[in-house]
Amino acid sequence: MAQELAGKVAIVTGGACGIGRATVELFVAEGANVVIADVQDEPGEALAAKLGDAAVFRHTDVSSEADMQAVVDLAVERFGGLDIMFNNAGISCGAYPSFLDDKLDDFDRVMRVNVLGPMLGTRNAARVMAKSGKGGVILNTSSIAGTLAGMAMMTYRASKAALIQFSKSSAIDLAQHGIRVNCIVPGHVRTELSSFGEKGADADLATRIEQGVNAVYLSNQLIKRRGEPEDVANVALFMASDKSRHMTGAVLPVEGGVTVGDPVNHLQDIMDARAAAMSAN
């Protein structure tokens, strides 16, 4: 490893699993000391034990102001400061095929975790970074659901769109303190959040579910493979390092080309339809 983060201190929320876990492991491998913040105690503690003195776990509900202050305080007390805040934790909402069926009973919880959590993390971390005089880096994890309009999951879409706007606005606000704020936009990454039940099924059923779901996921994706947590972690490393020192307020898609545009050649479809109509005449 090139030790891109040697001597840096980072907090990764949602750091026990998925994108967060891959990022924690990569940051430590690149020389950082990392606080793993998550509500999942068992995997979080196991990951910290695996990584040794370079990592520590703290049970953290990102929607709690007290918890978010405590995790920032822990980073400073344990490792002597804070250079990188990765607001990665997030939850989804109820999956209703039509908004007309959506009960909206999870609205408050989703907004508190997906929007308030990063706002608390950004504010509390930035206070430490600004006081240090060294600046710092803040990363937020949004989603393609926050950039592409679509059907269903309206609360989740709204929360992730709000996070993009917050990331840009806080980049403007915090630039005077030398703090860079950027937003990563993952697509169809293979995590528990994107699971449709295959993890709890027997092996054969899980394979069939994954194959069926993958076909849908990849139907409008230019790179024909699911993203892996490591794909996002590598971008997070770049954004946390000095290699991106001239970037702030950026919204970076890591989604295999889903948001580039419509991959269907509609002109060809039109020509085929015209030819079919003429041949039938």
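1. Lysine 134 is exposed, with a relative accessible area of 63%. Its salt-bridge partner is aspartate 83, and the closest N and O atoms of the two are 3.8 Å apart. Aspartate 83 sits in the loop between helix H3 (65–79) and strand S4 (84–87), while lysine 134 sits in the loop between helix H4 (107–132) and strand S5 (136–141), so the bridge ties together parts that are 51 residues apart in sequence. The model is a predicted one.

2. How many salt bridges does the structure hold? There are nine. Another of them joins the side chains of arginine 190 and glutamate 210, at 2.2 Å from N to O. Arginine 190 belongs to the loop between strand S6 (179–186) and helix H6 (203–217), and glutamate 210 belongs to helix H6; the two are 20 residues apart, and the pair links distant parts of the chain. Arginine 190 is partly exposed, with 30% relative accessibility. Glutamate 210 is partly exposed too, with a relative accessible area of 26%.

3. A further salt bridge brings together the side chains of arginine 225 and aspartate 231, with 3.1 Å from N to O. Arginine 225 has a relative accessible area of 41% and counts as partly exposed. Aspartate 231, with a value of 24%, is also partly exposed.

4. Now the overall fold. The chain contains eight helices and seven strands. Its radius of gyration is 21 Å, close to the 19 Å that the globule rule gives for 281 residues, so the chain is as compact as a globular protein of that length. The C-alpha trace spans about 80 × 45 × 40 Å along its principal axes. Of the 281 residues, 46% count as buried. Among contacts between residues at least 6 apart in sequence, 68% join residues at least 24 apart.

5. In what order do the seven strands of the open sheet stand? The order is S3-S2-S1-S4-S5-S6-S7, and the pairing is parallel. S3 and strand S7 (251–254) are the edge strands, each pairing on one side only. On average, neighbouring strands of this sheet are turned by 20° against each other, with direction ignored. Strands of a sheet pair through backbone hydrogen bonds, either parallel or antiparallel.

6. Two strand pairs can be followed residue by residue. Strand S2 (residues 33–38) pairs with strand S3 (residues 55–59) in the parallel sense over five bridges. Within this pair, isoleucine 36 stands opposite phenylalanine 57 in S3. S4 and S5 also run parallel, and four bridges join them. Here phenylalanine 86 stands opposite leucine 139 in S5.

7. Which helices lie against the sheet? Helix H1 (residues 18–29) is one of them: it lies across strand S1 (9–13), S2, S4 and S6, and runs at about 170° to S1. H2 packs on the sheet as well, touching S2 and S3, and its direction makes about 165° with that of S3. Helix H2 (residues 41–51) also forms a right-handed β-α-β unit together with S2 and S3.

Terms used. Residues are numbered from 1 along each chain as its sequence is written. This is a predicted model: local features need pLDDT of at least 70, side-chain atom pairs count only at pLDDT 80 or more; totals for chains, interfaces and linings use all residues. Side-chain values use heavy atoms; hydrogens and water are left out. A salt bridge is a side-chain nitrogen of Lys or Arg within 4 Å of a carboxyl oxygen of Asp or Glu. Buried means under 20% relative accessible area, exposed over 50%, partly exposed in between (1.4 Å probe, protein chains only). Two strands pair if DSSP finds at least two bridges between them. A crossover is right-handed if, with the strands pointing away from the viewer, the path from the first strand over the helix to the second runs clockwise. Axes are lines fitted to C-alpha atoms, for helices over the stretch in contact, and angles run from 0 to 180 degrees between N-to-C directions. Contact means heavy atoms within 4.5 Å. The radius of gyration is taken over C-alpha atoms; the globule rule is 2.2 Å times the number of residues to the power 0.38.
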